[in-house]
Amino acid sequence: MTQNSDIVDVIIGMIGTLPQVTEVATPDTNIARDLGLDSLAVMNFVMQLEDRFDVSIPMDRLAGIQTINDLAAAVADLKGRSPE
Amino acid sequence: MTILDKFKALQGAYETVQSAGHDPFTVCFDEVLSPSEAVLKGKRVILLGTNNYLGLTFDSSCVDKAVEALMQAGTGTTGSRIANGTYGNHAELERRLAAFYGTRAAMVFSTGYQANLGILSTIAGRGDHILIDADSHASIYDGCRLGHAEVIRFRHNDPDDLARRLSRLKDAPGNRLIVVEGIYSMLGDTAPLKEIAAVKREWNAHLLVDEAHSLGVLGSNGRGLVEQAGVEADVDFIVGTFSKSLGAVGGFCVSNLPDFDVLRIACRPYMFTASLPPSVIASVTQALARVQEDPGLRARLNINAQRLYHGLEAEGFILGPQVSPIVSIRMPSTEVAIAFWNALLGAGIYLNLALPPATPDNAPLLRSSVSAAHSGTQIDTVIATITAIGSELGVIAPRSHRPDMTEERQGDLLGEVLWQPGQGQRHNHAPVTGNPL
Ligand SMILES: Cc1ncc(COP(=O)(O)O)c(C=O)c1O
């Protein structure tokens with residue numbers, strides 16, 4: 001199982017490559033509010049993330065996610081469900 | 001502070017659009033003359049954005065049937081079918097729909113939006129998974145939100161991505177329901193339905209196809225993309241609307257599943273809203289008959305779609321990836337899109353202004369929908385007017401400065417090469433809350 005902090009690092013790295021984002025993200029960055037991404041860009045970033053970790057995050061779970069920490073926890077939880 | 005403060009940003013964006021001229025969301029016609037013409041502020045305009053694909057809104061046989069039913073059964077049902085009972089012609093239309101599609105059952109809803117709301121929220125329950133195309137219509141997104149299933153988006157028209165997401169579910173319990181559209185309303189592209197049906201079979205999922213824009217438009221009998229792609233045996237549910245090719249209002253779902261009729265006492269958006277007035281049911285029943293009796297309607301629609309698409313393509317506009325009755329032109333920016341739309345209305349052409357985030361790939365679009373009722377002359381007027389304004393606004397090069405673009409523009413289509421002004425990079429943006437049209 002992947003550690004949460006590893007997932008946080010990967011997410012921050014991936015956010016760094018988005019052309020729209022100029023700031024460096026931290027684990028407490030609010031994804032929708034602090035990064036200047038519109039809702040569309042967020043959804044598409046999530047799709048990339050899903051491919052990177054080979055999980056699908058259902059839309060109702062996304063609704064409750066605010067920070068990068070929250071996102072990492074959701075990914076870790078979804079990965080944890082399927083032993084690899 | 002008021003409860004509406006949360007709409008400040010939206011209000012601001014709306015005011016920007018309004019300040020450029022006409023308000024695209026409240027265009028009010030003095031009079032609608034025919035399926036293809038209306039009067040706006042005393043001036044005739046060509047209607048090129050009303051999804052009136054077969055031009056049946058003024059069909060005399062449909063109007064006659066509606067009048068007859070109005071006189072006979074009154075103006076409305078004043079309630080739902082479970083409360084106020086089913087009128088004979090509701091049941092008759094359901095039998096005709098089932099016969100048209102060759103299915104066991106059909107259920108009529110008060111709009112297409114409600115058909116998606118009802119069917120999606122009811123057939124997929126807690127523990128089930130719905131897999132929807134990322135570019136789905138707003139009613140599909142909303143139907144998913146109303147229910148209790150887990151909802152997963154897959155990349156637009158990408159059967160491999162769909163298969164990957166199904167495989168990630170591994171042996172999670174519950175049913176899988178795949179949802180796609182026949183023709184997508186923003187760019188006019190069709191779903192790769194053969195491939196999607198193959199994925200459906202491989203993963204033992206259910207498949208629902210929303211044929212809102214393809215009923216009466218595709219297939220040699222007008223039964224939509226499902227017929228054209230030859231996958232009728234693989235599709236478990238077809239949803240559609242009466243508000244486009246059938247020229248009225250209403251929605252439906254047909255299915256071959258045994259026990260489908262139990263939904264009549266389980267599906268809340270069917271049970272708790274008033275049923276359609278008998279006059280609407282009568283005109284829809286007649287319009288469905290017209291679709292079956294008159295393949296010439298589809299042929300004329302197709303000729304007009306080809307004429308508009310190829311005409312604009314030859315002038316250098318960037319269009320959707322395939323010829324269809326929905327012809328969308330990519331605009332370089334929101335400002336140009338708004339100016340272009342206003343100029344067209346001033347020149348007597350009404351079509352749809354589609355702005356991000358309701359559009360794929362964050363591209364502003366001028367979206368037109370062709371009708372069988374358009375004359376060749378009207379289509380030619382449209383092409384000439386759009387070309388003149390497009391040159392003026394710098395959307396296309398003036399004719400004299402234009403290289404022969406047929407080779408160069410290969411692949412330069414919306415949804416394939418997805419440029420952004422000044423960037424030339426590929427974007428994969430897709431709407432979060434669904435398309436509005
Ligand atoms: C794909 C799709 N589904 C459903 C609908 C809703 O149809 P209606 O206008 O009947 O509510 C529309 C159009 O509005 C649509 O484009």
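Modeller: Leaving aside residues up to four places away in sequence, B:Ser324 touches B:Ile183, B:Gly188 and B:Ala305, where contact means heavy atoms within 4.5 Å. This is a predicted model, in which local features need pLDDT of at least 70 and side-chain atom pairs pLDDT 80 or more, while totals for chains, interfaces and linings use all residues. Residues are numbered from 1 along each chain as its sequence is written, chains are lettered from A and ligands numbered from 1 in the order written, and side-chain values use heavy atoms, without hydrogens or water.

B:Ser324 lies in the loop between helix H12 (295-314) and strand S11 (326-330) of chain B (DSSP runs, helices H or I of at least four residues, strands E of at least two, numbered from the N terminus). Its relative accessibility is 5%, so B:Ser324 counts as buried (under 20%, 1.4 Å probe, protein chains only), and its side chain comes to 2.9 Å from the backbone nitrogen of B:Ile326.

Turning to the contact with chain A, 21 residues of chain B meet 18 residues of chain A. Five salt bridges are counted between the two chains (a side-chain nitrogen of Lys or Arg within 4 Å of a carboxyl oxygen of Asp or Glu), and one of them joins the side chains of B:Arg165 and A:Asp51, at 3.8 Å from N to O. On the side of chain B that touches chain A, the elements giving two or more residues are strand S6 (150-154) and helix H7 (159-168), and S6(B) supplies the largest share, five residues.

Note on methods: Buried means under 20% relative accessible area, exposed over 50%, partly exposed in between (1.4 Å probe, protein chains only). A polar contact is a pair of N or O atoms within 3.5 Å; within protein, one must be able to donate a hydrogen and the other to accept it, and residues adjacent in sequence count only if both atoms are side-chain atoms.
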